[in-house]
Amino acid sequence: MILTVTLNLALDVTYQVPGVDWDGVNRVTAVHRRAGGKGVNVARVLAALGHDVLVTGLAGGPTGRAVESDLRAAGLPAALHPIAGDSRTTLTVSDLPASGTTPPAEPTASGEPRPAPTGEPGAAGEARTALFNEPGPEVTADELAGFLRHFESLLDAADAVVLSGSLPRGVPADTYAALAAVAAGRGVPAIVDADGDPLRHAPKGRPAIVKPNAEELARAVPGGSPAEGAQALRGQGAQAVVVSMGAEGLLAVTGEGTFKARMPYTVQGNPTGAGDSLVAGLALGLVEAEPWPARLRRAAALGAAAVATPVAGDFDPDVYADIHPQIIIT
């Protein structure tokens with residue numbers, strides 16, 4: 001069983017709009033509402049692949065209850081810890097090109113969005129995706145201490161732990177490092193997918209894998225190449241570092257050597273949540289003790305297949321089947 005931890009759970013709302021008018025009224029053509037947060041997205045992908053999962057995290061207020069209800073409806077097992085504050089809502093707006101325009105700009109197949117194009121939104125028929133993320137509730141010291149005890153109680157049944165996403169207010173930046181260390185002490189490997197200070201602290205917890213993208217890694221370890229930054233995180237305690245590098249694919253710096261996954265082509269669509277599908281692939285490779293080349297190939301293919309779907313936590317099995325054997329590992 002893979003335990004996914006989402007301390008900043010969310011109700012994800014996705015609007016699909018045929019060309020956003022930022023100065024006027026927009027008619028939304030499709031709306032998706034579902035439980036979200038990076039760990040929830042990871043769990044959805046793992047469950048779709050037939051793997052046992054358990055979702056945990058902090059949930060509170062009407063939004064937290066809506067998240068719990070959606071998890072039940074989706075058949076995702078959950079053991080959430082209650083807090084007093086209201087969980088957050090996130091909004092994704094996909095600005096779709098009008099019919100007959102040029103094809104949408106392609107997010108990279110490795111699951112990371114390209115930099116936004118210049119000019120007006122939707123110009124030249126380009127697909128644009130904007131995310132609006134609330135900061136999340138304020139968490140008290142007592143609530144966090146209660147979650148830590150709850151987390152420890154769940155480790156007995158876990159074969160691996162995924163710690164991912166932002167931290168709500170009141171949660172110290174070294175919390176992922178602390179959780180990873182607790183898991184490691186119980187013989188349960190952890191994957192950390194975070195940004196900013198939580199990423200900088202993460203290696204201290206001896207996680208099995210740290211998964212930044214290139215921009216996150218550059219902020220955490222400025223002044224070097226991705227390989228140098230990954231080596232620096234390994235030197236601080238991470239067993240392996242997997243860097244998603246947009247069009248350049250994936251870079252993995254591990255105790256067994258350095259590997260690179262090169263994508264055969266890019267996939268058009270919505271890159272939101274593609275990194276979470278990539279992490280799901282890494283988690284599967286971890287619990288199944290796959291060699292690194294196979295682990296990276298599956299992770300990169302899942303990230304690409306997620307780009308082809310409109311909402312985070314889904315992936316296109318046809319895209320996955322097509323791209324998986326074409327990924328080149330060096």
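These questions and answers walk through the helices, strands and contacts of one predicted model.

The model is predicted, so local features need pLDDT of at least 70, side-chain atom pairs count only at pLDDT 80 or more, and totals for chains, interfaces and linings use all residues. Residues are numbered from 1 along each chain as its sequence is written, and side-chain values use heavy atoms, with hydrogens and water left out.

Q: Which residue of strand 7 is the bridge partner of V93?
A: Strand 6 (residues 88-95) and strand 7 run antiparallel. They are joined by 6 bridges. In strand 7, V93 has as its partner A130.

Q: How many of the 11 residues of helix 1 are buried?
A: Buried means under 20% relative accessible area, exposed over 50%, and partly exposed in between (1.4 Å probe, protein chains only). The buried residues include G39, V42 and L46. Helix 1 is largely enclosed by the rest of the structure, because its buried residues number 8.

Q: What is the relative accessible area of T4?
A: T4 lies in strand 1 (residues 2-6). Contact means heavy atoms within 4.5 Å. Leaving aside neighbours within four places in sequence, T4 is in contact with residues including G39, V42 and A43. T4 is buried, and its relative accessible area is 0%.

Q: Are helix 8 and helix 9 roughly parallel or roughly antiparallel?
A: The axes of helix 8 (residues 274-287) and helix 9 (residues 292-307) come within 7 Å and cross at roughly 155°. Angles under 35 degrees count as roughly parallel, over 145 as roughly antiparallel, 65 to 115 as roughly perpendicular and the rest as oblique. The two helices are therefore roughly antiparallel.

Q: How many nonpolar residues does the contact of helix 3 with helix 4 have?
A: Helix 3 (residues 141-154) and helix 4 (residues 175-185) pack at about 30°, with axes 11 Å apart. The contact residues include L144 and F147 of helix 3 and L179 and V182 of helix 4. Ala, Val, Leu, Ile, Met, Phe, Trp, Tyr, Cys and Pro count as nonpolar, Asp, Glu, Lys and Arg as charged, and the others, Gly among them, as polar. Beside 1 polar and 1 charged residue, the nonpolar count is 7.

Q: Through how many residues does a hairpin join strand 12 to strand 13?
A: Strand 12 (residues 250-254) and strand 13 (residues 257-262) run antiparallel, with 5 bridges between them. A252 has F259 as its bridge partner. The hairpin joins the strands through 2 residues.

Methods. Axes fitted to C-alpha atoms, helices over the stretch in contact; angles between N-to-C directions. Helix = DSSP H or I, 4+ residues; strand = E, 2+ residues; numbered from the N terminus. Pairing = 2+ DSSP bridges.
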